[in-house]
Amino acid sequence: MNSSPFNVEQFPHILVLGMGGTIAGLAPSPEANPLLYQAGQVGVEDLLSQVTKVLPQDLKIISKQVANINSSNLSEAVLTELGKLVNHYLKSSTLIGIVITHGTDTIEETGLFLQTTCGRAAEKLGKRVVLTGAMLPSNAPRADGPANLIAAIHWASTSVDNCPGGIFAVFADKVCMARDLAKRHSSTLNAPLQDSPSSAIGLINPSWLSDVKAKQAALGDDLPIPEALHWPWVEILTSHAGARGEIVMQCLGAGVSGLVIAGTGQGGFNSAWQESIDKAIAAGVAIVRATRTGAGSVRPNIPENDPVGCMAAGSLSAPKARIALQLALNAAKESKVKGGPQQPSWQDYFAKQALF
Ligand code: SIN
């Protein structure tokens, strides 16, 4: 890696954006207890300096610290900033690709956000945006961050036969589409993608590659990035034994624009909610049914017909469906402001992301 100053407008380069997370975490007693640590402590420049020696000497890299947080504190304002930066830098003719170091706890939300707002641009420009992170803090004896960062830089900078540009994620020697990220284990090293369609980085699996291309072809155009303080308010409510309609009414009273139901099984919910959900729909609140099971799709009109104003989440988990619904509501609002003969609804935009 070449870290000496250079003119970014003249030399092909990789951009590494730091968001924080465990990859940038520090444990006070890493030998005794690497799992007791604080995320978001080490700057992205320092993370890069740990891997400099093993990167190709002629590879030019620049970095920018966007945030240095535990990703459980990820805010919509930070997503707005990240999305705008990615869109901006992608347009640079000397940029080869972008790597983003991120906490794993909400990486699936950022993955879906970037896919929905910058995915088409990355694909058209033939550039890769690669999310990565770690499950062990940076000073743990067998820290996984350095290997993940090296693999992500490699994936962002190397042409891979037949593999398009787009938004990807790399963990534990595997690559997946960022929209497929799903952290479904609290501690295993490949937690963010262990149950997702993925391929070994060293030997790209052709069936994974055709799945990537099929999904990219089916996804809609990039949606606008909401301004930092203008994201529609969408909450996730989990249905469970003993659910009470009051919680839905409280959300309605507080002024939410949308609700994602993390439902039981195929996206069903306790009938104690029915009356309040009907009231929310009548008040114009957008409802999306996802599943709390952790895997599988929620299909439209299964097991019962969806009322107008309520959609199934398709392949999206509840946290991803929440981001997709926010972006869909924002896009529908922007089209309405622009006017014109065609004003798609939030359902039109959402359907293009849910991939039923
Ligand atoms: C975080 O998400 O910031 C902490 C957990 C992690 O990165 O694994």
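Some ground rules. Residues are numbered from 1 along each chain as its sequence is written, and side-chain values use heavy atoms, with hydrogens and water left out. Because the model is predicted, local features need pLDDT of at least 70 and side-chain atom pairs count only at pLDDT 80 or more, while totals for chains, interfaces and linings use all residues.

Let's start with the ligand. Which residues sit around it? They are Gly 21, Thr 22, Tyr 37, Ala 39, Asn 70, Ser 71, Gly 103, Thr 104, Asp 105, Ala 134 and Lys 183. A word on classes: Ala, Val, Leu, Ile, Met, Phe, Trp, Tyr, Cys and Pro count as nonpolar, Asp, Glu, Lys and Arg as charged, and the others, Gly among them, as polar.

Now the polar contacts, meaning pairs of N or O atoms within 3.5 Å. Thr 104 places a polar side-chain atom 2.4 Å from a ligand oxygen. For Ser 71 that distance is 2.6 Å. For Asn 70, a side-chain N or O atom is 3.3 Å from an oxygen of the ligand. How much of the ligand does the protein bury? Alone, the ligand exposes 250 Å², and the protein buries 96% of that. Those areas come from the Shrake-Rupley method with a 1.4 Å probe.

A cavity is a set of points where a 1.4 Å probe fits but cannot get out. A pocket is an open set with protein on both sides within 12 Å along at least five of seven lines. Lining residues have an atom within 4 Å of a point. Volume is the space filled by probe spheres set on the points, which are joined across faces, edges and corners.

The largest pocket has a volume of about 480 Å³. It has 22 lining residues, and Ala 182, Ala 295, Gly 296, Ser 315 and Lys 320 lie nearest its centre. The lining splits into seven nonpolar, seven polar and eight charged residues. Helix 8 (residues 318-338) gives the most, three residues. Helices (H or I, at least four residues) and strands (E, at least two) are DSSP runs, numbered from the N terminus.

How many cavities of 30 Å³ or more does the structure hold? Two. The largest cavity holds about 60 Å³. Its lining is Ile 23, Leu 47, Gln 50, Val 51, Ser 138, Gly 145, Pro 146 and Leu 149. None of these is charged: five are nonpolar and three polar. Helix 4 (residues 145-157) gives the most, three residues. The second largest cavity has about 30 Å³. Its lining has one nonpolar, three polar and three charged residues, including Arg 120 and Glu 123.

Last stop: the loop between strand 10 (286-291) and strand 11 (310-312), where Pro 303 is found. The peptide bond from Ile 302 to Pro 303 is cis, with omega near 5°. Asn 301 lies in that loop too. Its phi is positive, about 60°, although Asn 301 is not a glycine.

Definitions and conventions:
On a 1 Å grid over the protein atoms alone, a cavity is a set of points where a 1.4 Å probe fits but cannot get out, and a pocket is an open set with protein on both sides within 12 Å along at least five of seven lines; lining residues have an atom within 4 Å of a point. A residue is near a molecule or strand if one of its heavy atoms lies within 4 Å of it. A polar contact is a pair of N or O atoms within 3.5 Å; within protein, one must be able to donate a hydrogen and the other to accept it, and residues adjacent in sequence count only if both atoms are side-chain atoms.
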